[in-house]
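Dear colleague,

Please find below the structure that I am handing over to you. My findings follow it.

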Amino acid sequence: MLPESLDCHKHMIEIKNLSFSYGEQKVISDLNFTVRERDFVGVIGSNGAGKSTLLKMIVGLLTPSEGDIKLFGESVRKFRDWERIGYVPQKNAFNPLFPATVREVVLSGLYNNKNVFRRLSRQQQRKCDDALEVMRIQNIQDRRVGMLSGGQQQRVFLARALINHPDLLILDEPTVGIDVETQAAFFELITHMHAHHHMTFLMVSHDIDMIRNYLGHDPIQRNGKINFYSHHSHELQNCAAEDLQHSLT
Ligand SMILES: Nc1ncnc2c1ncn2[C@@H]1O[C@H](COP(=O)(O)OP(=O)(O)OP(=O)(O)O)[C@@H](O)[C@H]1O
């Protein structure tokens with residue numbers, strides 16, 4: 001562990017004494033956990049362990065029964081800067097009749113209450129082109145999303161999450177329904193983003209091999225049936241070296 005003075009990595013997510021129950025069923029109990037800038041945290045656990053519930057609390061879709069979550073230093077209850085966070089929920093599926101095209105869905109990642117009715121700028125269209133290219137879906141951008149395969153739809157959701165260049169990407173089993181080849185390419189892409197673009201990741205996955213290969217064999221923390229694996233950049237490199245590397249990439 002580095003001394004406090006060298007820990008220059010900001011806290012992206014701070015979880016304190018967090019508990020959550022659905023009625024009588026307690027799903028998360030007294031969880032304390034911190035995700036720092038540039039960490040890659042993998043969350044593994046059996047079905048029903050509470051992983052999705054945890055992510056939903058982090059992105060403000062569920063309210064904790066007890067405790068608090070801070071995002072970029074601010075309580076999730078007051079947090080408004082959602083553009084800094086990309087979130088891909090589990091088991092997305094569009095109704096086949098859903099009328100939007102791939103491009104429209106990806107662009108919708110840019111909308112907030114303020115600009116939903118504004119004309120999109122050239123820069124925003126470029127961001128969309130970049131996100132489509134990264135997920136290799138430029139060739140299907142004019143197709144209706146409801147008509148695509150599950151794996152193609154998942155790529156659309158990922159492109160939508162990436163369009164704002166978020167600082168923090170939260171992914172709930174992002175490769176479910178994606179073929180093995182695309183899964184490998186996807187993991188390569190996100191590990192590249194982590195290593196070279198200094199993004200922070202929190203990812204639920206059932207792919208224990210991928211998690212262990214990238215984050216090590218032993219969980220750094222357990223809560224009930226949930227195991228947390230992490231690549232702590234702040235423990236592996238000192239900040240000056242990292243900043244130099246950042247300025248060179
Ligand atoms: N809306 C809900 N109302 C009541 N109980 C729920 C609700 N959503 C989830 N649960 C229950 O809470 C528990 C945790 O569910 P959650 O979806 O967080 O688990 P998970 O670890 O993500 O599981 P999986 O790996 O199967 O996706 C399960 O027992 C589930 O049945």
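Val 43 has Val 204 in strand S8 as its bridge partner. This pair belongs to the contact between strand S3 and strand S8 (residues 200-204), which run parallel and are joined by 4 bridges. Strand S3 also pairs with strand S10 (residues 226-231), here in the antiparallel sense and over 6 bridges. Strand S3 itself spans residues 40-45 and is mostly covered, as 5 of its 6 residues are buried.

Please bear in mind that the model is predicted. The mean pLDDT of the chain is 84, and 85% of the residues reach 70 or more. For the complex, the predictor gives an ipTM of 0.97 and a pTM of 0.85. One stretch calls for caution: over residues 1-6 the pLDDT stays under 50, and the model has 6 contacts beyond four places in sequence for this stretch. Where pLDDT is low, the predicted coordinates should not be read in detail.

As to the chain as a whole, it holds 8 helices and 10 strands. Of its 249 residues, 32% are buried. Among contacts with a separation of 6 or more, 72% are between residues 24 or more positions apart.

A further sheet deserves a description. It is open and has 4 strands in the order S2-S1-S4-S5, with antiparallel pairing. Strands S2 (25-36) and S5 (74-75) each have a single partner strand and stand at the edges, so one side of each is left without a neighbour in the sheet. Strand S1 (residues 11-22) is joined to S2 by 8 bridges, and the two run antiparallel. Phe 20 stands opposite Ile 28 of S2.

Lys 70 lies in strand S4 (residues 66-71). Is this residue buried, exposed or partly exposed? Lys 70 has 18 other C-beta atoms within 10 Å, which makes it partly exposed, because a residue counts as buried at 20 or more and as exposed at 12 or fewer. Leaving aside neighbours within four places in sequence, Lys 70 is in contact with Glu 14 and Ser 75. The C-alpha atoms of Lys 70 and Leu 132 are separated by 31 Å, and the two residues are 62 apart along the chain.

The largest nonpolar core has 54 residues, of which Ile 13, Val 106, Ala 131, Ala 159, Ile 170, Phe 201 and Leu 202 touch the most other members. Helix H4 (residues 150-162) gives the most to this core, with 6 residues. Val 106 has several contacts beyond four places in sequence, including Cys 128, Ala 131, Leu 132, Val 156, Ala 159, Arg 160 and Ile 163.

Ser 149 is in the loop between helix H3 (122-134) and H4. With 11 C-beta neighbours inside 10 Å, Ser 149 counts as exposed. Its C-alpha atom is separated by 21 Å from that of Asp 207, 58 residues away along the chain.

Finally, I turn to the ligand. The residues around the ligand are Tyr 22, Val 27, Gly 45, Asn 47, Gly 48, Ala 49, Gly 50, Lys 51, Ser 52, Thr 53 and Gln 90. By class, 3 of them are nonpolar, 7 are polar and 1 is charged. Helix H1 (residues 51-58) contributes the largest share of this shell, with 3 residues.

With kind regards

How values were computed
Residues numbered from 1 in each chain as written. Predicted model: local features only at pLDDT ≥ 70, side-chain atom pairs only at ≥ 80, totals over all residues. Near = placed C-beta within 6 Å. Nonpolar A, V, L, I, M, F, W, Y, C, P; charged D, E, K, R; others polar. Pairing = 2+ DSSP bridges. Core = buried A, V, L, I, M, F, W, Y, C linked by C-beta atoms within 7 Å. Contact = placed C-beta atoms within 7 Å. pLDDT = per-residue confidence, 0-100.
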